[in-house]
Amino acid sequence: MSDSDDEDIPQLSSHALAALQEFYAEQKQQSDPGGDDKYNIGIIEENWLSQFWYSQDTALRLATEAVAAAGERGRIACVSAPSVYQKLRALHREDISVYIFEYDKRFAIYGEEYIFYDYNNPLDLPEKIATHSFDIVIADPPYLSKECLRKTSETIKYLTQGKILLCTGAVMEEEAAKLLGVKMCKFIPKHTRTLGNEFRCYVNYDSGLDHEI
């Protein structure tokens, strides 16, 4: 290759090269985050068409509620509620057992606590997940439809020993009560982005979410 050939090869400026290196570093961090960072809400980015993460305050409130409801050495199932799972693990509570049931396989970074879940097949779960094996199930159906809530409800009823914390739209109040026997709480959850529909929490037990703090 001649010197003239070398001159024809595009060269990145030092600024562009630094920006490119920073981009690759961010991509590596998102695909393989390590240590406590992997439990940060937002470390796995939202799919803007179908995923909405809770705000830090809401995730903490829901995680704290789940721990209180599950009790000592409790077992908690997070069904399509990954930001609550992340907050639970960020709390460093080694006395609880938590599983994340999620369609998005990016959350497989959480190892054995990740369970692939498709609400279209609500009972297609691994053998290690026994019926009625969780003290509480916190669920956030991925779509605001009666069909999605009905199928997700099958999963919830299979997993829980009794307690249910459901997060979904206010328009689903009647359907949620019919399917799961839950009632709307006073607490209003918030997300990192503004949703087009009013979002609420529902429970079937005496919950701290029904009291202002």
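Modeller: Strand E2 (residues 97–102) and E3 pair in the parallel sense, over three bridges. In that pairing, glutamate 102 has phenylalanine 116 of E3 as its bridge partner. Keep in mind that this is a predicted model.

Colleague: How confident is the predictor, on average?

Modeller: The protein chain averages a pLDDT of 82, and 73% of the residues score at least 70. Over residues 23–35 the pLDDT is below 50. That stretch has 10 contacts in the model beyond near neighbours in sequence.

Colleague: Back to the strands. What is the order in the sheet?

Modeller: The order is E3-E2-E1-E4-E5-E7-E6. It is an open sheet of seven strands with mixed pairing.

Colleague: Which strands stand at the edges?

Modeller: Strand E3 (114–116) and E6 do. Each has a single partner strand, so one side of each is left without a neighbour in the sheet.

Colleague: And which helix packs on the sheet there?

Modeller: Helix H3 (residues 56–70) packs on the sheet. H3 touches strand E1 (75–79), strand E4 (134–139), E5 and E7. The direction of H3 makes about 155° with that of E4.

Colleague: How far does H3 reach?

Modeller: H3 has 15 residues and spans 21 Å from its first C-alpha to its last. That is close to the 21 Å expected at 1.5 Å a residue.

Colleague: Which residues of H3 are buried?

Modeller: Among them are Thr58, Leu62, Ala66 and Val67. Arg61 and Glu65 are on the list too. The cover over the buried residues of H3 includes E1, helix H4 (82–90), E4, E5 and E7.

Colleague: What comes just after H3?

Modeller: Glycine 71, with a positive phi of about 80°.

Colleague: Now E2 again. Why call it enclosed?

Modeller: Five of the six residues of E2 are buried, so E2 is largely enclosed by the rest of the structure. E1 and E2 run parallel, joined by five bridges. Alanine 77 has tyrosine 99 of E2 as its bridge partner. The chain goes from E1 through H4 to E2, and this β-α-β crossover is right-handed.

Colleague: What about E7?

Modeller: Five of the five residues of strand E7 (residues 199–203) are buried, so E7 is largely enclosed by the rest of the structure. Both faces of E7 are covered. Phe199, Cys201 and Val203 are on one side, with Arg200 and Tyr202 on the other.

Colleague: Last topic, cysteine 185. Where is it in the chain, and is it buried or exposed?

Modeller: Cysteine 185 lies in the loop between E6 and E7. Its relative accessible area is 2%, and buried means under 20%, so cysteine 185 is buried.

Colleague: What does cysteine 185 touch?

Modeller: Beyond residues up to four places away in sequence, cysteine 185 touches Arg200, Cys201, Tyr202, Val203, Leu209 and Asp210. Serine 207 is 22 residues from cysteine 185 along the chain, and their C-alpha atoms are separated by 8.2 Å.

How values were computed:
Residues are numbered from 1 along each chain as its sequence is written. This is a predicted model: local features need pLDDT of at least 70, side-chain atom pairs count only at pLDDT 80 or more; totals for chains, interfaces and linings use all residues. Side-chain values use heavy atoms; hydrogens and water are left out. pLDDT is the predictor's confidence in each residue, from 0 to 100. Contact means heavy atoms within 4.5 Å. Buried means under 20% relative accessible area, exposed over 50%, partly exposed in between (1.4 Å probe, protein chains only). Helices (H or I, at least four residues) and strands (E, at least two) are DSSP runs, numbered from the N terminus. Two strands pair if DSSP finds at least two bridges between them. Axes are lines fitted to C-alpha atoms, for helices over the stretch in contact, and angles run from 0 to 180 degrees between N-to-C directions. The expected span of a helix is 1.5 Å times one less than its number of residues. A crossover is right-handed if, with the strands pointing away from the viewer, the path from the first strand over the helix to the second runs clockwise.
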